Amino acid sequence: AVDDGSTDSSGAELDRYAARHPSLFTVIHQANSGGPARPFNRGLDAATGRYVFFLGADDHLGPDALRRLVDAADRWESDVVLGRVVGVNSRHIYQDIFASTQSDVDLYDSPLPRSLANTKLFRRALLEKHAIRYREDLPLGSDLPFTLAACFHARRISVLVSQSKDGELIAR
(Lines give C-alpha, C1' and ligand atoms only; values in the text may rest on other atoms or scores of the structure.)
Protein backbone atom coordinates (compact mmCIF):
# COMPACT_ATOMS: atom_id res chain seq x y z
CA ALA A 1 0.00 0.00 0.00
CA VAL A 2 1.22 3.48 -0.77
CA ASP A 3 0.29 6.24 1.66
CA ASP A 4 0.43 9.31 -0.57
CA GLY A 5 0.76 11.90 2.18
CA SER A 6 -2.59 11.22 3.83
CA THR A 7 -3.68 13.77 6.41
CA ASP A 8 -6.07 11.48 8.23
CA SER A 9 -5.15 8.39 10.24
CA SER A 10 -5.06 6.06 7.24
CA GLY A 11 -1.22 5.91 7.15
CA ALA A 12 -1.14 4.78 10.78
CA GLU A 13 -3.92 2.27 10.07
CA LEU A 14 -1.89 0.84 7.19
CA ASP A 15 1.13 0.56 9.50
CA ARG A 16 -0.96 -1.32 12.09
CA TYR A 17 -2.20 -3.72 9.42
CA ALA A 18 1.35 -4.29 8.13
CA ALA A 19 2.56 -5.00 11.68
CA ARG A 20 -0.11 -7.69 12.00
CA HIS A 21 0.65 -9.19 8.56
CA PRO A 22 4.33 -8.44 7.85
CA SER A 23 4.79 -11.22 5.30
CA LEU A 24 1.75 -10.11 3.28
CA PHE A 25 1.62 -6.35 3.51
CA THR A 26 4.10 -3.53 2.97
CA VAL A 27 3.45 0.18 3.41
CA ILE A 28 5.29 2.90 1.53
CA HIS A 29 4.89 6.44 2.89
CA GLN A 30 5.57 9.39 0.61
CA ALA A 31 4.73 13.08 0.40
CA ASN A 32 1.51 13.86 -1.41
CA SER A 33 2.15 13.68 -5.15
CA GLY A 34 -0.95 15.56 -6.25
CA GLY A 35 -2.35 12.68 -8.29
CA PRO A 36 -2.70 8.91 -8.38
CA ALA A 37 -0.10 8.04 -11.06
CA ARG A 38 3.06 8.33 -8.94
CA PRO A 39 1.75 6.29 -5.98
CA PHE A 40 0.37 3.64 -8.35
CA ASN A 41 3.77 3.38 -10.09
CA ARG A 42 5.58 3.27 -6.76
CA GLY A 43 3.32 0.43 -5.64
CA LEU A 44 3.90 -1.42 -8.92
CA ASP A 45 7.67 -1.08 -8.54
CA ALA A 46 7.47 -2.63 -5.07
CA ALA A 47 4.93 -5.35 -5.89
CA THR A 48 6.02 -8.97 -5.72
CA GLY A 49 2.74 -10.88 -6.13
CA ARG A 50 1.27 -12.52 -9.20
CA TYR A 51 -1.50 -9.93 -9.45
CA VAL A 52 -2.01 -6.28 -8.60
CA PHE A 53 -5.19 -4.35 -7.89
CA PHE A 54 -5.49 -0.58 -7.62
CA LEU A 55 -7.80 0.82 -4.98
CA GLY A 56 -8.28 4.50 -4.25
CA ALA A 57 -9.26 6.04 -0.95
CA ASP A 58 -12.86 6.42 -2.13
CA ASP A 59 -13.19 2.81 -3.39
CA HIS A 60 -14.60 -0.10 -1.38
CA LEU A 61 -14.20 -3.84 -1.91
CA GLY A 62 -17.00 -6.30 -1.28
CA PRO A 63 -16.48 -9.38 0.88
CA ASP A 64 -13.85 -11.71 -0.59
CA ALA A 65 -13.64 -9.57 -3.76
CA LEU A 66 -9.90 -10.04 -4.27
CA ARG A 67 -10.06 -13.78 -3.60
CA ARG A 68 -12.89 -14.14 -6.11
CA LEU A 69 -11.02 -12.10 -8.73
CA VAL A 70 -7.81 -14.11 -8.27
CA ASP A 71 -9.76 -17.39 -8.41
CA ALA A 72 -11.32 -16.26 -11.71
CA ALA A 73 -7.95 -15.18 -13.13
CA ASP A 74 -6.41 -18.53 -12.20
CA ARG A 75 -9.37 -20.54 -13.50
CA TRP A 76 -9.52 -18.74 -16.85
CA GLU A 77 -5.79 -17.91 -17.14
CA SER A 78 -6.76 -14.23 -17.48
CA ASP A 79 -4.36 -11.32 -17.59
CA VAL A 80 -7.06 -8.79 -16.69
CA VAL A 81 -10.24 -9.44 -14.70
CA LEU A 82 -13.01 -6.92 -14.26
CA GLY A 83 -15.13 -7.28 -11.16
CA ARG A 84 -18.54 -5.67 -11.21
CA VAL A 85 -18.18 -2.03 -10.22
CA VAL A 86 -21.06 0.05 -8.92
CA GLY A 87 -21.14 3.79 -8.39
CA VAL A 88 -21.83 5.39 -5.04
CA ASN A 89 -22.55 9.02 -4.17
CA SER A 90 -24.08 9.69 -7.62
CA ARG A 91 -21.00 8.44 -9.47
CA HIS A 92 -21.96 6.93 -12.81
CA ILE A 93 -20.40 3.63 -13.85
CA TYR A 94 -21.36 2.10 -17.20
CA GLN A 95 -22.89 -1.30 -16.48
CA ASP A 96 -23.11 -2.84 -19.97
CA ILE A 97 -19.83 -4.78 -19.62
CA PHE A 98 -21.23 -6.36 -16.43
CA ALA A 99 -24.29 -7.94 -18.07
CA SER A 100 -22.89 -11.42 -17.39
CA THR A 101 -19.81 -13.27 -16.22
CA GLN A 102 -17.58 -13.92 -19.24
CA SER A 103 -14.30 -15.80 -19.35
CA ASP A 104 -13.10 -14.09 -22.52
CA VAL A 105 -13.99 -10.53 -23.55
CA ASP A 106 -12.68 -8.89 -26.70
CA LEU A 107 -11.40 -5.32 -26.46
CA TYR A 108 -12.68 -4.53 -29.94
CA ASP A 109 -16.09 -6.19 -29.93
CA SER A 110 -17.52 -5.48 -26.49
CA PRO A 111 -18.43 -2.55 -24.22
CA LEU A 112 -14.98 -2.84 -22.54
CA PRO A 113 -13.68 0.50 -23.93
CA ARG A 114 -16.38 2.25 -21.86
CA SER A 115 -14.91 0.70 -18.69
CA LEU A 116 -11.23 1.65 -18.71
CA ALA A 117 -10.91 2.75 -15.09
CA ASN A 118 -8.15 0.83 -13.31
CA THR A 119 -10.36 -0.99 -10.79
CA LYS A 120 -9.40 -4.35 -12.25
CA LEU A 121 -7.15 -7.24 -11.33
CA PHE A 122 -4.00 -7.22 -13.48
CA ARG A 123 -1.45 -10.00 -13.91
CA ARG A 124 1.79 -8.35 -12.80
CA ALA A 125 3.89 -10.34 -15.30
CA LEU A 126 1.89 -8.74 -18.14
CA LEU A 127 2.60 -5.25 -16.80
CA GLU A 128 6.30 -6.01 -16.36
CA LYS A 129 6.73 -7.72 -19.75
CA HIS A 130 5.31 -4.70 -21.58
CA ALA A 131 6.65 -2.02 -19.17
CA ILE A 132 3.13 -0.74 -18.55
CA ARG A 133 3.09 2.13 -16.09
CA TYR A 134 0.95 5.18 -15.35
CA ARG A 135 1.79 8.40 -17.14
CA GLU A 136 2.81 10.79 -14.39
CA ASP A 137 2.43 13.83 -16.67
CA LEU A 138 -1.36 13.39 -16.67
CA PRO A 139 -2.90 14.98 -13.58
CA LEU A 140 -6.23 13.25 -14.33
CA GLY A 141 -7.14 10.18 -16.31
CA SER A 142 -3.78 8.38 -16.07
CA ASP A 143 -5.65 5.13 -15.50
CA LEU A 144 -7.17 5.20 -19.00
CA PRO A 145 -3.97 4.76 -21.08
CA PHE A 146 -2.63 2.32 -18.45
CA THR A 147 -5.71 0.11 -18.60
CA LEU A 148 -5.97 0.36 -22.38
CA ALA A 149 -2.34 -0.78 -22.76
CA ALA A 150 -2.90 -3.70 -20.37
CA CYS A 151 -6.06 -4.77 -22.22
CA PHE A 152 -4.34 -4.42 -25.61
CA HIS A 153 -1.50 -6.74 -24.55
CA ALA A 154 -3.64 -9.17 -22.52
CA ARG A 155 -4.02 -12.70 -23.82
CA ARG A 156 -7.37 -12.94 -22.02
CA ILE A 157 -9.67 -10.40 -20.40
CA SER A 158 -12.50 -11.69 -18.23
CA VAL A 159 -15.52 -10.26 -16.43
CA LEU A 160 -16.70 -11.58 -13.08
CA VAL A 161 -20.16 -10.48 -12.03
CA SER A 162 -20.95 -11.06 -8.38
CA GLN A 163 -23.52 -13.80 -7.98
CA SER A 164 -23.41 -13.89 -4.19
CA LYS A 165 -25.73 -12.41 -1.62
CA ASP A 166 -22.71 -10.45 -0.31
CA GLY A 167 -23.16 -7.82 -2.99
CA GLU A 168 -20.90 -6.27 -5.54
CA LEU A 169 -17.17 -6.68 -5.86
CA ILE A 170 -16.16 -3.02 -6.03
CA ALA A 171 -17.86 0.30 -5.24
CA ARG A 172 -16.38 3.55 -6.53
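**Exercise 1.** Find out how strand β5 pairs with strand β8, then look at its other partner.

*Solution.* Start with β5 and β8 (residues 157-160), which pair in the parallel sense over four bridges; two strands pair if DSSP finds at least two bridges between them. Strands here are DSSP runs (E, at least two residues), numbered from the N terminus. Within this pairing, Val-80 stands opposite Ile-157. Next, turn to β7 (residues 120-123): three bridges join β7 to β5, and the two run antiparallel. Here Val-80 stands opposite Phe-122.

The model is predicted, so local features need pLDDT of at least 70 and side-chain atom pairs 80 or more, while totals for chains, interfaces and linings use all residues. Residues are numbered from 1 along each chain as its sequence is written, and side-chain values use heavy atoms, without hydrogens and water.

**Exercise 2.** Work out which way the residues of β5 (residues 80-83) point.

*Solution.* Val-80 and Leu-82 point one way, while Val-81 and Gly-83 point the other way. In a regular strand the side chains alternate between the two faces of the sheet. All four residues are buried, meaning under 20% relative accessible area with a 1.4 Å probe, protein chains only.

**Exercise 3.** Describe the surroundings of Ser-115.

*Solution.* Then check its accessibility: Ser-115 is buried because its relative accessible area is 9%. Finally, leaving aside neighbours within four places in sequence, Ser-115 is in contact (heavy atoms within 4.5 Å) with Leu-82, Tyr-94, Ile-97 and Lys-120.

How values were computed: Buried means under 20% relative accessible area, exposed over 50%, partly exposed in between (1.4 Å probe, protein chains only).
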